[in-house]
Amino acid sequence: MSGVRRTTWAALRARRRALGRLAAWSVAESLPALLSGLLVARAVDRGFLAGQFATGLAWLAGLAAAVLVGAAATGQVYRSLGAVVEPFRDELAARVVQAALRDATRAGGRPDSAAVARLTHQVEVVRDTFGGLLLVVRGFLFTAGAALLGLLALAPPLAGAVAAPLVLGLAVFAAALPAMVAHQRAQVTAGEELGRAAASALAGHRDVVACGAQDRVVTGVDWRVTAQADAERTLARMAALRSLSLGLGGWLPVVVLLLAAPWLVRQGLSTGAVLGALVYVTTGLQPALHAVVQGVGGGGLRYAVTLDRILRTCPPSGPAPRPAALIGPAPRPAGPGAPAVRVRGLTFRYGPHARPVLADFTLTVADGEHLAVVGPSGAGKSTLAALVAGLVPAESGTVHLAGTPVATAAPDALARLRVLVPQEAYVRSGTLGDNLRYLHPEVDDATVAAAVDALGARPLVTRLGGLAAEIDPGALSAGERQLVAAVRAYLAPAPLVILDEATCHLDPRLEATVERAFARRPGTLVVIAHRISSATRARRVLVFDGDRPLVGTHDELLRRSPTYRELVGHWQDVAPPARVPLARA
């Protein structure tokens, strides 16, 4: 739990000013706890028992005024609390999002659905429990401290008699905390394992039935149900320790005061002082102790365990590159005439024992060329796109973009060299113009309008209400999102564009319009083709044909590649000549 302590202290230190305001308002809020017993004692001794009814009411009126001051301060306490808690929640949410994106884009990674649960549930649990902890710990420190100060001013011997059992109760609670944390962690882990087991069983129920594995799967889920129930029961039993600490620290002082009251009165302590001491214990110390024990024992445990889970599953990442870097000048090529893409001896697999997706792969794409990549599903086309774009590291081999090695290039440098448009297009909330300018914020309206017209997106822009219209990404169809992403990539300053099935949701006519626009755009175009028609529009075609990919023109591949002929639907009997290796620089 050292990470939890470090993260919590860092969050508090970063907001010292807000904590100072919280402490100042807490002092005002604790005014009734400081004065209640003393004013009650004065009202009884100098007012009601002395036959001065009006004087007694006056003392109680002072208590009412203190309560009003405390109530007004309470509103400011919550305002100050938000200034501490909400920024911490935002930091955790950003950490979860960054970790999910990092995992989804690493080699072999995929979108993590559990990240959504962590963002919407676990982060909110931490937010709520962090705020609750601050409230109860702050309340205990100020309220209990004020009550003890009041007792000390009222009757110093009573302050010691009350403080001793209070400290004893807190010691019992502190000693039980490590065991409570361990059981809370076990309960959270058991719940997560049960959720995963149940989800897996439901998702694969047809295969389970087909294989006759119902009993085995049911037994596995039942075992996790039992483990989760045991963890819940154990956690419930830990509540007995909280009750013991409350009894020692909250009720034992009351018993001590009641038993000692006759002796105290005989020693000269007034009746009002005894009553005032009981007010301090029952309305100040006892509620404060109850709040801190229940708060730390309940919400505090959830806070520690949930934050620990977030910290373990979402390690911190380095600082994100500045958006301004995307619009700077592109790195200069290593030498004159450097090709747009140069791949040498590239090997990649999704696991140490998996079959290579690419093995000793070599490819050269000249500056300004239009290359289409085709092949059966799962042949490695999208993997090649990710390797060229620098999203995943290769097992061996090199990739150079305009002479710049991808493996050692910084993210902002890669962003100036290439833009990759995936099949699942990303559109964010905001205006349509902001979405289109995302990769080139300084582009003017005329250039944006020309790009919209070139890619056939004018009907979509008109329907959405123009560039200044606010858009809801969820209300757009998959094809509309792809068209927005295509215009955004067209406007990007990067010289290399990689379309990874980026037009698969467009109709063939609009897809042709988009690809022809990119072909006319200055720079280099690589299209991971969804339809074979994309290959007929390209200058060269790379086909994944078995273990050795082939490259050539459309007509050349019709003669050389059985796979390409099958993809095209060209079934004439043509004897393919011996294969030739890929062109090398």
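Reader: How many of the eight residues of β1 are buried?
Author: This is a predicted model, in which local features need pLDDT of at least 70, side-chain atom pairs count only at pLDDT 80 or more, and totals for chains, interfaces and linings use all residues. Residues are numbered from 1 along each chain as its sequence is written, and side-chain values use heavy atoms, with hydrogens and water left out. Strands (E, at least two residues) and helices (H or I, at least four) are DSSP runs numbered from the N terminus, and buried means under 20% relative accessible area, exposed over 50% and partly exposed in between, with a 1.4 Å probe and protein chains only. On these terms β1 is mostly covered, and the number of its residues that are buried is six.

Reader: Which strands stand at the edges of the open sheet of four strands?
Author: Two strands pair if DSSP finds at least two bridges between them, and the pairing in this sheet is antiparallel, in the order β2-β1-β4-β5. Two of these strands have a single partner each, so one side of each is left without a neighbour in the sheet. These edge strands are β2 (358-365) and β5 (404-405).

Reader: Which residue of β2 is the bridge partner of F348?
Author: Strand β1, residues 341-348, pairs with β2 in the antiparallel sense over five bridges. Within β2, R342 has T364 opposite, whereas the bridge partner of F348 is L358.

Reader: About what angle does the direction of helix α11 make with that of β1?
Author: Helix α11, residues 381-389, packs on the sheet and touches β1, β2 and β4 (396-401), where contact means heavy atoms within 4.5 Å. Axes are lines fitted to C-alpha atoms, for helices over the stretch in contact, and angles run from 0 to 180 degrees between N-to-C directions. Taken in this way, the angle is about 120 degrees.

Reader: Which residue of β4 stands opposite V343?
Author: β1 and β4 run antiparallel and are joined by five bridges. In this pairing, the residue opposite V343 is V399.

Reader: Which element gives the most to the lining of the largest cavity?
Author: On a 1 Å grid over the protein atoms alone, a cavity is a set of points where a 1.4 Å probe fits but cannot get out, a pocket is an open set with protein on both sides within 12 Å along at least five of seven lines, and lining residues have an atom within 4 Å of a point. The largest cavity has a volume of about 80 Å³, volume being the space filled by probe spheres set on the points, which are joined across faces, edges and corners. Among its lining residues are V341, L363, L384, A385 and V388, and β2, β3 (370-374), α11 and β10 (524-528) each supply at least two. The most, three residues, comes from α11.

Reader: Which helix supplies the largest share of the lining of the second largest pocket?
Author: About 930 Å³ of space lies in this pocket, and of its 28 lining residues T8, L133, V137, V296 and Y303 lie nearest its centre. Helices α1 (2-13), α2 (16-29), α5, α6 (156-203) and α10 (271-313) each supply at least two. The largest share, eight residues, comes from α5.

Reader: Is L148 buried or partly exposed?
Author: L148 is found in helix α5, residues 113-154, and, leaving aside its neighbours within four places in sequence, is in contact with A159, A163, L166 and L285. Since its relative accessibility is 25%, L148 counts as partly exposed.
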